[in-house]
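Colleague: I have a model on screen and want to learn how to read it. Can we go through it feature by feature?

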Amino acid sequence: MTQDNRLPAPHGLLIDRQQTLTFKFDGREYSGYAGDSIASALAANNVWLLSRSFKYHRPRGILTMAGQDANTMVQLPDEPNVLADREAIREGLIVEGQNYNGSLTNDRDMFVQNFARFLPVGFYYKAFYKPKRIWENFWEPYFRKKAGLGKVNEAAQEQYFDKKYEFCDIAIIGGGAAGLSAAAAAADAGADVILIDENPQLGGALNYARFDVEDSAAAALRQQLLDKIAGRVRVFSNAVCNGWFADHYLPVICGNRLHKIRAKQCIVAGGNIEQPLVFHNNDLPGIMQGSAAQRLIKLYGVRPGSRAVVATANSAGYGVCLDLLDAGVSVAAVADLRTDPPPHPLAQAVAERNVKIWHGHTVYEATPTAGYRHVSTAAIRPLSGRGTCSSGGDTLECDLICMSPGYMPAWQLPCQAGAQLGYDDTRAAFTLENLPQGFALAGAINNSTTLAAACRDGRRAVATLGYSLTTENNDNTSDEEAEEMINTDWHIFPHPRGKEFVDFDEDLQVADILNAAADGYDHVQLAKRYSTAGMGPSQGRHAALSVARLLASASGKSIAETGITTARPPFAAEKLGVMGGRHFNPERHTAMHQQHIALGAQFMPAGLWLRPAYYGEPHARQQCIEKEVLAVRNNVGMVDVSTLGGLEICGSDAGEFLNRIYTGSFTKQAVGRTRYVAMCNEQGVVIDDGVACRLHEQHYYVTATTSGVDNVYRNMLRWNAQWCLDVDISNVSAAWAAVNVAGVKAREVLQRAGCDIDLSTEAFSYMAVKTATVAGIPARLIRVGFVGEMGYEIHVPATFGNALWQALTAAGAEFNIQPFGVEAQRLLRLEKAHIIIGQDTDSMSFPHEVNLEWALAKNKPFFVGARAFEIVSKRPLQRRLVGFSLPADSPKPKEAHLVISGEAMSGRVTSCEYSPTLNKIIGMAYVTPQQTEIGTTINIRTDGGVMAAAQVEALPFYDAEGARQKL
Amino acid sequence: MPFGLLKYGLSRRYPAKKHFGTPGDLKSSYDVVIIGGGGHGLAAAYYLAKEHGIRKIAVLEKAYLAGGNTARNTAVIRSNYLTEEGVTFYRESLKLFRDLSNEFDYNIMYSQRGQLTLAHTDAAVRSFRWRAEVNKHLGVQSELIGIDDILKLVPNLNVSADARYPILAGLWHADGATARHDAVAWGYAKGAAERGVEIHQLTEVTDIVSSGGRVTGVETNRGSVSCDVVLQAVAGASSLLAKKAGFRLPIVSYPLQAMVTQPLKPFINPHVSSTQLHCYVHQTARGEVVIGGGSDPYPLYSTRSTLDLKESLLGHAAEMFPFLAQVRLLRQWAGITDMTPDYSPIMGVSPLENYYLDAGWGTWGFKAIPICGKLMAQCIAERSAPALMQPFALSRFDRLEQVNEMGATAASH
């Protein structure tokens with residue numbers, strides 16, 4: 001298809017006529033130029049119908065050409081809801097329409113609009129629930145299918161997204177006349193400036209709007225300002241500042257990159273948003289904002305129609321008119337809502353070009369071509385009152401209606417930053433007030449209506465941020481041009497047949513807003529929630545002014561009191577990938593990680609860490625675990641315990657500190673000895689455990705659980721901030737690697753690896769700690785018995801962890817040392833009935849319920865949780881952790897299966913495994929105090945409701961005297 | 001086309017009867033003053049009027065109707081809690097929810113689409129099995145399910161073993177549901193207003209008046225009001241109001257943020273949640289994808305949004321559903337959650353006589369609206385806490401008899 005609507009140069013600032021691109025829309029092939037958006041290229045090919053509306057499936061086309069509305073939403077293969085007036089075309093691009101039943105041009109669901117009067121505002125609250133359940137069984141599935149716009153592609157290719165940090169003194173958002181002036185003045189004042197503009201080319205309205213009859217001022221000013229900032233300001237073009245977060249933290253989206261800019265101060269020069277005129281059929285393709293027509297002409301070299309009607313209430317509409325005429329569009333008439341407008345050169349020029357101008361008139365209704373596919377006539381009527389017209393005027397054939405009745409300042413970023421919207425009744429315009437610190441507005445957003453005023457306002461904004469302007473910039477002379485009133489005080493014309501759309505996204509008409517108020521929802525927030533006004537993809541950009549005026553009139557409140565709904569981030573819809581991409585999702589490996597991989601470990605997550613669960617193939621999981629267990633029980637094994645938390649507690653009050661933070665007693669602990677530690681929270685619940693090794697009178701090395709250490713450390717700091725004890729607390733978890741060598745041959749392995757101390761039981765007994773070198777590596781050796789065998793936990797600086805593992809592997813080779821993982825360790829400790837915090841305890845486990853009475857020092861004045869424990873221990877015990885066993889061939893309960901007594905839940909299993917050592921199923925479970933006696937039968941409800949009768953057993957299951965760990 | 005809509009199309013004038021009128025000036029005295037016109041306050045007012053015949057009730061709302069957390073929550077309804085007290089309480093709430101549309105004559109769009117919570121660690125598998133077993137025992141539909149069954153429910157979920165936290169299992173709660181959150185509050189408001197309850201918006205309580213350890217009235221920005229009984233139902237500001245009433249609550253308040261995408265054709269049916277990723281996702285009847293997570297990491301009374309949370313939350317959402325990377329986010333917002341030490345609410349009497357508490361609703365207040373309203377009304381009318389709410393008394397913290405739901409709340413809501 002040829003580009004029949006294309007205008008010759010110099011029209012088309014953004015397109016490169018040397019590069020023709022072809023793309024498909026709705027199954028047909030079209031051509032455009034590099035630099036075209038999908039919408040501009042289609043318009044060049046005389047295609048105006050881009051989408052179907054949300055509810056009534058009415059045809060929709062270009063409204064703003066600024067990527068600000070939902071009318072241009074199209075479907076790309078991998079991307080739903082793409083703005084056709086923002087997305088650039090590329091060779092071979094495939095574009096489809098969306099949200100239609102049948103085809104985009106013939107949508108069978110358009111019949112819905114004929115039933116509009118049966119679908120009043122909030123109609124879904126008013127019906128669809130009788131008989132019971134019919135909503136979820138019938139209506140909701142139906143509505144869900146009809147609702148929604150585009151389709152996700154579940155097979156979409158993953159894309160690359162990234163992020164970058166930036167810093168500056170002043171971030172200026174908006175690169176129009178005001179933003180550029182501010183940037184130049186700020187650079188002159190020595191500030192480090194980032195200028196952010198959403199368009200491909202700086203200049204804002206200077207690129208497309210008409211400020212003078214000759215149309216020369218804008219281009220000249222633009223060039224002058226660009227020269228001033230060249231090389232002195234960092235410019236981000238095609239970049240959307242999509243929000244304002246505390247302390248001027250700005251997410252700026254540039255393609256697939258998110259720039260996170262931390263600015264010291266901000267200037268928002270984001271301009272204003274032209275508002276639609278509200279009249280019957282104001283949504284037809286071919287009806288657009290005046291600025292949209294100008295963008296088509298100037299930026300893309302596209303003729304927006306052949307015969308136009310312009311409806312306006314300010315001089316900008318006359319600029320539009322001149323641009324249309326210069327582009328060869330005939331202008332049938334201008335309807336000026338003002339009865340007696342002040343003279344303006346642009347209006348004068350339009351009159352001189354023999355365009356019929358109707359003062360005190362509006363476009364009251366439009367009629368469509370067949371299928372509502374385009375506008376075909378505009379009825380111009382004289383105003384007879386607020387929102388009413390009398391007969392008269394004229395009905396004109398046209399294929400374009402340009403609307404320029406007024407503006408809203410681009411309030412979103414300032415309001416996110418805490419500014420408040422006010423309403424200036426004399427100017428019939430919203431204003432932004434109460435700006436936060438370090439935040440300034442400039443230009444049209446600040447109600448500057450002429451170019452000179454906008455430039456002056458840009459410079460003034462820099463001065464308000466505390467910069468001294470140069471003499472040249474400090475030019476306060478006001479020019480002769482008077483500031484203009486750009487808004488009319490009423491732009492809404494209710495029609496007996498409705499379809500005067502207030503919110504295009506949601507197909508809301510004047511009556512919908514008024515009826516929402518009549519139903520009782522007259523607060524602007526309630527009206528929004530009830531009617532959905534402003535909830536759609538354009539978030540009320542083009543509805544806010546109309547809704548505020550309608551609600552104010554319905555409730556009798558002022559527009560300032562009525563206000564608009566809260567502006568929330570983002571400014572424009574943003575891809576999840578841009579925000580979520582390149583997420584910092586760390587994974588921690590121990591120093592021996594590569595060794596585990598080489599040994600065929602299967603890993604499991606433990607907090608951020610990855611730990612070997614077992615070594616071997618997943619299909620042989622059980623055999624692998626049993627082999628590892630038996631090796632430890634009968635021979636020797638080694639396990640990487642580097643992920644254990646490690647804390648250094650140093651200082652003259654170290655012992656006292658431990659006394660308070662843990663339940664046990666530590667001041668009398670001998671240097672060179674190790675004690676079990678248990679920590680409670682203030683409610684007396686057990687929250688962590690480990691061992692405390694006294695390395696020196698004033699130095700303890702304390703271990704904590706892998707997942708608990710960060711919390712333990714935080715708790716310690718928090719408490720000592722109150723206690724002010726002379727103690728230094730460091731979390732050294734990452735600084736140490738550790739291996740536990742356990743089994744009857746552990747000592748021999750260590751000797752073979754080379755250890756410079758006497759390892760005999762007499763010299764180095766159970767629960768002792770010593771510093772030594774192992775295989776030439778400086779180490780802390782702790783004799784602990786978590787798995788219930790003679791064992792040495794060897795802690796070395798993490799740098800040496802890998803070397804230690806290798807040395808132990810080599811030394812252990814002749815003893816057939818077996819590396820074992822978390823699963824085997826869990827089973828080994830279960831045989832010894834050592835609890836695992838978080839598995840055998842829960843958020844309500846008190847020490848005596850989990851058999852830790854022995855770990856509570858009775859004669860201490862205080863420890864965290866003592867007071868609570870004192871209260872709790874006085875009331876009858878509610879449950880206790882006991883051991884149980886079942887024959888090897890009985891159904892195996894799983895962790896968290898319930899213990900059932902009669903009809904009641906009397907407890908639950910916390911740990912349960914088949915023990916190859918004992919050849920039976922063993923486990924621990926919470927039971928009622930009545931069930932704790934050895935030999936009691938407890939009934940466990942296993943998978944599928946199968947009951948298993950288990951016997952309560954004495955704990956531990958293995959080596960009750962603890963002889964083996966003391967060898 | 002349902003007959004209910006015919007009158008709108010056939011009558012010449014819009015047949016409006018205000019769902020809740022503008023009651024005019026405050027009276028000088030009421031039987032019951034309910035502070036907070038959110039779901040909880042309105043539900044209590046409704047049941048007081050409907051079931052206990054108390055009509056002289058004023059609901060005082062400082063902003064607009066149901067504009068606090070009722071407006072900001074993500075409308076998740078479920079009963080798959082952990083403790084017997086919690087499961088039973090929310091189970092009863094779901095029973096009430098199911099019939100609210102017909103009771104109100106107002107569609108709250110209750111839709112039982114189920115909730116799937118994902119386990120990525122063996123600790124989570126254990127905890128989910130525990131919940132499933134307790135739930136089933138108490139008559140709530142919960143099952144621990146494997147990957148195959150997960151894929152039947154959510155075929156487009158990323159179950160790759162190469163994910164940072166591969167999915168191991170899921171907790172499937174077939175009773176899980178959603179509803180139009182605003183409509184729940186509006187339905188209660190409509191029903192209460194029809195029974196003579198006065199709902200005063202833009203009416204802020206500035207002080208609590210008491211005498212001899214007993215509440216006697218409230219001061220508002222529109223004047224003084226005396227009353228026999230006060231119910232405070234001001235989620236997000238519970239501690240602040242309690243302070244005015246002269247006592248402290250064991251509550252720390254944190255912002256909770258949520259987000260929503262543009263409308264899309266349906267592609268997720270149940271609510272899908274991951275505690276490991278602190279992220280949950282469901283699709284509304286309008287087609288928007290609602291994305292939420294855990295509360296912010298520090299206490300605050302500001303409903304600002306943060307970039308950090310958005311980045312991490314959306315990263316995690318795209319980890320669950322990678323194709324969401326191409327979907328566009330429309331809006332981000334926040335509410336304030338009043339967290340108690342045991343992640344369970346506080347209901348019933350307070351240290352001030354005749355001053356009742358409906359507080360500590362953290363991230364789970366919406367789903368409790370019907371049952372809490374009903375029980376609070378009974379509690380006020382009979383001056384004694386019904387059995388279902390007794391475990392949630394404020395005094396449990398003195399007695400160290402907490403109802404710990406930490407494991408069943410977190411990011412699941």
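Colleague: In what sense do strand β30 of chain A and β16(B) pair, and over how many bridges?

Modeller: First, the ground rules. This is a predicted model, where local features need pLDDT of at least 70, side-chain atom pairs count only at pLDDT 80 or more, and totals for chains, interfaces and linings use all residues. Residues are numbered from 1 along each chain as its sequence is written, and chains are lettered from A and ligands numbered from 1 in the order in which they are written. Now the general idea. Strands of a sheet pair through backbone hydrogen bonds, either parallel or antiparallel. Strands (E, at least two residues) and helices (H or I, at least four) are DSSP runs, numbered from the N terminus. Two strands pair if DSSP finds at least two bridges between them. Here β30 (574-575) of chain A pairs with β16(B) in the antiparallel sense, over two bridges. K575(A) stands opposite R328(B).

Colleague: Which strands are the edges of the open sheet in chain A?

Modeller: The sheet has three strands, in the order β2-β1-β7 (chain A), with mixed pairing. Its edges are β2 (28-34) and β7 (94-95), each pairing on one side only. Strands β1 (16-25) and β2 of chain A run antiparallel over seven bridges. In that pair, K24(A) stands opposite E29(A).

Colleague: How many residues does each chain give to the contact between chain A and chain B?

Modeller: Two residues are in contact if their C-beta atoms, placed from the backbone, lie within 7 Å. Chain B gives 79 residues and chain A gives 82. On the chain B side, elements giving two or more residues include α6 (122-137), α10 (307-320) and β16 (328-339) of chain B. That side holds 39 nonpolar, 25 polar and 15 charged residues. Nonpolar counts Ala, Val, Leu, Ile, Met, Phe, Trp, Tyr, Cys and Pro; charged counts Asp, Glu, Lys and Arg; polar counts the others, Gly among them.

Colleague: How is chain B divided?

Modeller: Domain bounds come from an automatic or database domain assignment. Chain B has domain 1 (25-76 + 182-250 + 342-408) and domain 2 (109-175 + 253-339). Their centres, taken over C-alpha atoms, are 29 Å apart. Domain 1 of chain B puts 18 residues into the contact and domain 2 of chain B puts in 17. On the domain 1 side, α3 (69-72) and α9 (238-245) of chain B each supply at least two residues.

Colleague: Which residues of α9(B) are buried?

Modeller: Count other C-beta atoms, placed from the backbone, within 10 Å of the residue's own: 20 or more is buried, 12 or fewer is exposed, and in between is partly exposed. In α9(B), S238(B), L241(B), A242(B) and A245(B) are buried. They sit on the same side of α9(B), because they cover an arc of only 100 degrees around the axis. The arc is that of the directions from the helix axis to the C-beta atoms. Among the strands these residues pack against are β1 (29-35) and β9 (205-211) of chain B. Just after the helix, G246(B) takes a positive phi of about 95 degrees.

Colleague: Is T761(A) buried or partly exposed?

Modeller: T761(A) is partly exposed, because 14 other C-beta atoms lie within 10 Å. T761(A) is in the loop between α20 (746-753) and β40 (769-774) of chain A. The C-alpha atoms of T761(A) and R747(A) are 9.6 Å apart, though these residues are 14 apart along the chain.
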